[in-house]
Amino acid sequence: MRVQSIAQAGKSEVPPQYIQPPSDRPNNDAGGKSGGGVDVPVIDLGEDSVREAVGRACRDWGAFQVTNHGVPIRLLDDMRKVGLSFFNECPMKDKLMYACSPDSAAAEGYGSKMLVDSDENHGVLDWRDYFDHHTLPLSRRNPSNWPHYPPNYREVVSQFSDEMNVLAQKLLGIISESLGLPSSSLKDAVGEFYQNITVSYYPPCPQPDLTLGLQSHSDFGALTLLIQDQVPGLEVLKDSHWYPVQPLPEAIVVLVSDQTEIITNGNYRSAVHRAVTNSTGARLSVATFHDPSKTRNISPAAEIVCQSSPARYREVNYGDYMSRWYTKGPEGKRNVDSLLIDP
Ligand code: OGA
Ligand code: NI
């Protein structure tokens with residue numbers, strides 16, 4: 001069952017599978033709603049002090065927004081527009097032609113979280129539908145698997161993929177330099193990018209206090225770039241408070257992900273984040289994940305480990321890391337903690 005169909009039925013209560021346990025509900029912030037005055041940093045990539053600002057944001061938040069990023073704003077708008085058109089204007093029976101196979105992990109296509117048998121204890125569902133695209137390397141990109149509607153959908157996603165790739169490389173360079181490393185360090189450790197783009201659609205929800213659009217997690221790859229529409233919903237955890245990421249139409253959200261935490265030996269931590277729902281309007285986001293190949297082994301960078309401290313994380317094969325994540329599910333924990341040598 002698609003969340004959009006449930007929402008459109010117009011009931012005043014959500015089905016029980018969507019109700020979060022009290023500890024995970026949006027208002028159950030460990031220390032009350034976000035601590036006053038501070039906000040996820042917004043960094044102008046054109047500024048001279050960009051390395052210091054990025055370094056500080058990675059250390060303190062694992063998340064920041066960037067402006068002056070070089071990606072045409074029109075492309076960000078087009079990406080949001082085609083994503084929204086698919087969800088809003090395609091009849092459900094057309095959307096279902098793209099339904100992704102529920103039993104293969106990270107399959108391309110239209111989906112929603114489903115309950116699997118082993119899930120009794122963690123079987124709460126997200127109030128979200130999505131469309132996942134395999135975009136890079138080019139050998140994985142097959143636009144004929146993507147929506148035919150609107151007519152420019154595939155062209156926009158292809159262009160968006162290429163622009164996000166360029167920006168992700170640039171950011172890994174800045175992040176490397178912010179640690180005093182050569183700009184190619186992180187990129188060399190990650191290797192060729194495996195890029196996926198997920199368009200998430202969060203329908204209005206009659207009980208936003210009981211549900212989550214997307215449960216708390218950290219992303220398992222190297223770097224996630226995310227754009228959202230004008231509807232708030234994304235939140236980042238810092239010092240046991242949840243902070244909303246303000247929608248800024250020209251900005252791109254950067255989330256440090258698990259492999260970057262490993263490579264930087266924990267100097268930079270992956271951002272724990274989630275999406276909350278609201279009762280008034282649908283929300284759209286587009287997340288672009290940049291991951292290593294499944295055959296890649298990831299470990300703390302030699303330069304960092306020698307310079308200062310011993311390795312804090314075990315080496316891991318990225319394919320193994322990913323399959324562990326998919327079979328267990330995030331369960332609100334940081335998967336990367338399982339690699340800590342001395343937890
Ligand atoms: C994700 C994610 C947040 C959002 O897709 O991994 O965290 O705001 N999305 O949609
Ligand atoms: Ni995420």
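Reply: By class, five nonpolar, two polar and six charged residues make up the lining of the second largest pocket (nonpolar: Ala, Val, Leu, Ile, Met, Phe, Trp, Tyr, Cys and Pro; charged: Asp, Glu, Lys and Arg; polar: the others, Gly among them). The model is predicted, local features need pLDDT of at least 70, side-chain atom pairs count only at pLDDT 80 or more, and totals for chains, interfaces and linings use all residues. Residues are numbered from 1 along each chain as its sequence is written, and side-chain values use heavy atoms, with hydrogens and water left out.

The second largest pocket holds about 200 Å³ of space (a pocket is an open set of points on a 1 Å grid over the protein atoms alone, where a 1.4 Å probe fits, with protein on both sides within 12 Å along at least five of seven lines; lining residues have an atom within 4 Å of a point; the volume is the space filled by probe spheres set on the points, which are joined across faces, edges and corners). Of its 13 lining residues, Trp61, Leu237, Lys238, Arg269 and Ser270 lie nearest the centre. Helix 2 gives the largest share of the lining, three residues.

Ser270 sits in the loop between helix 7 (258-263) and strand 11 (273-275) (DSSP runs, H or I of at least four residues for helices, E of at least two for strands, numbered from the N terminus). Ser270 counts as buried because its relative accessibility is 5% (buried is under 20% relative accessible area, exposed over 50%, partly exposed in between; 1.4 Å probe, protein chains only).

Methods: Chains are lettered from A and ligands numbered from 1 in the order in which they are written.
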